Amino acid sequence: MEGQFAVFSQGSCLWYACGNLSREERMDVSRKKCCMEGKRVMYELIQVGEKSYYIDCPAKIGIYRATEHDVYLIDSGNDKETGRKVRQILEREGWNLQGILNTHSNADHIGGNRYLQNQTGCSIFAEELEAAFIRNPILEPSFLYGGYPCKELRHKFLLAQGSDVTDFTDAAFPKEIEVIPLPGHYFSMVGFRTPDDTVFLADCLSSKATLEKYAVPFIYDVSAYLQTLDVVAQMQGNVFVPSHAEATDNIVELARYNQQKVLEVAEHITQLCREPLQFEQILQRLFDKYGLSMNFEQYVLVGSTIRSYLAWLKETGKLEAAFTENMLLWKTVE
């Protein structure tokens, strides 16, 4: 196998096996052992391409090694503590952080930005609209709630610390990285393709386990999301790395499964609305059907998503809306 390499997977781990690998091209023996035993080790560095890696954590953090010592992160995790763990990994490997490429502005993807920027002076890059949220993170819980968010929504999972950010046209952005528009989950989310053909897909896919457990992942624009899943299903690449699902060399099945689940939720909403219902009634019945537990966070995350479904179903002619006795009622078009 000398001079060749192949991706092997075990559990959630992917690693390269090849002859006479250098330190930069393979995981050490202990990491391989964890993979072979099916163990998932949080914040483990996993190599998936010649110059591409990810840190295995709740929202995977990508790493692109531009030179022997200079790297770029793809997202930064949930908070300062995640940022600290990332910095320790970079220092262990002898890597210098040149920049962070944010896929979108959700708090679990930008939470380490400020800490890492303060520690290293790195640049941060994002799409223009997402950058507004990164600079002003109070916008995320405000958008979700539809007004000033109560204190139960002003926490690190929805409210990151702000950071300085520029867009992808900046001269310091690594031009060898392809920016891939992936709208739908959030306003202007993107993914990134590295030169070794590793594709980081951000939040455009949920794992089967997540969909089976929670049923309704967050979606901002249902139409755009379905179109993005079509695009992803047709993508070519060596390895695909979704933020919240296992890395894989074949993304088609998972993309189609996500589409199927979106359409199932839409169909259930149209069935519920055979009688005129207010938004709160629709939300309650969906929570009951899927066995979800209501709290402030779930109210805004699932609630915002259901409002997006209602808008999409109305625009596609499947639902109609009417104001009756000062109430907005939704009803299926028969």
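Guide: One term before we start: a residue is called buried when its relative accessible area is under 20%. Please also keep in mind that this is a predicted model.
Visitor: Okay, so is Cys 57 buried or exposed?
Guide: Cys 57 has a relative accessible area of 2%, and because the cut-off for buried is under 20%, Cys 57 counts as buried. Cys 122 is likewise counted as buried, with a relative accessibility of 3%.
Visitor: And how many disulfides are there?
Guide: The count of disulfides comes to zero.
Visitor: Let me step back a bit. How many helices and strands does the chain have?
Guide: The protein chain has eleven helices and 14 strands. It is 334 residues in length, and 52% of them count as buried. If you take the contacts between residues at least 6 apart in sequence, 62% of them join residues that are at least 24 apart.
Visitor: Which residues touch the most other members of the largest nonpolar core?
Guide: That core has 44 residues, and those touching the most other members are Leu 201, Leu 205, Val 232, Ile 269, Ile 282, Ile 306 and Tyr 309. At least two residues each are supplied by strand E11 (198-202) and by the helices H8 (222-233), H9 (252-272), H10 (279-290) and H11 (296-315). Helix H9 gives the most to this core, namely seven residues.
Visitor: Going back to Ile 282, what is it in contact with?
Guide: Setting aside neighbours within four places in sequence, Ile 282 is in contact with Leu 272, Cys 273, Leu 277, Ile 306, Leu 310 and Trp 330.
Visitor: You mentioned H8 and H11. At what angle do their axes cross?
Guide: The axes of H8 and H11 cross at roughly 90° and come within 8 Å, which means that H8 is roughly perpendicular to H11. Where they meet, Val 222, Ser 223 and Leu 226 are the residues from H8, while Ser 308, Tyr 309 and Trp 312 are those from H11.
Visitor: And how do H2 and H4 pack?
Guide: Helix H2 (residues 80-93) packs against helix H4 (residues 113-120) at an angle of about 45°, with the axes 7 Å apart, so H2 is oblique to H4. From H2, the residues Lys 80, Gly 83, Arg 84, Val 86 and Arg 87 meet Tyr 115, Leu 116 and Gln 119 in H4.
Visitor: Switching to strands: what is the order in the open sheet of four?
Guide: The order is E9-E10-E11-E12, and the pairing is mixed. Strands E9 (178-181) and E12 (239-242) are the edge strands, each pairing on one side only. On average, neighbouring strands of this sheet are turned by 20° against each other, if direction is ignored. E9 pairs with strand E10 (residues 190-193) in the antiparallel sense over four bridges, and Arg 193 in E10 is the bridge partner of Glu 178.
Visitor: What about the hairpin of E13 and E14, which residue there takes a positive phi?
Guide: In that hairpin, which has two residues between the strands, Glu 325 takes a positive phi near 50°. The strands E13 (residues 319-324) and E14 (residues 327-332) run antiparallel and are joined by six bridges, with Phe 323 standing opposite Leu 328 in E14.
Visitor: How many residues join E3 to E4 in their hairpin?
Guide: The hairpin joins E3 to E4 through four residues, and the two strands pair in the antiparallel sense over four bridges. Strand E3 (residues 44-47) is covered on both faces, as Glu 44 and Ile 46 on one side and Leu 45 and Gln 47 on the other are all buried.
Visitor: Last one: where is His 104?
Guide: His 104 sits in the loop between strand E7 (96-101) and helix H3 (107-110), and it is buried, with a relative accessible area of 0%. Leaving out residues up to four places away in sequence, His 104 touches a set of residues including Asp 75, Glu 130, His 185 and Asp 203. The C-alpha atoms of His 104 and Glu 130 are separated by 5.7 Å, although the two residues are 26 residues apart along the chain.

Technical notes. Residues numbered from 1 in each chain as written. Predicted model: local features only at pLDDT ≥ 70, side-chain atom pairs only at ≥ 80, totals over all residues. Heavy atoms only, no water. Pairing = 2+ DSSP bridges. Buried < 20%, exposed > 50% of the residue type's maximum accessible area, 1.4 Å probe, protein only. Core = buried A, V, L, I, M, F, W, Y, C linked by side-chain atoms within 4.5 Å. Contact = heavy atoms within 4.5 Å. Axes fitted to C-alpha atoms, helices over the stretch in contact; angles between N-to-C directions. Disulfide = S-S within 2.5 Å. Parallel < 35°, antiparallel > 145°, perpendicular 65-115°, else oblique.
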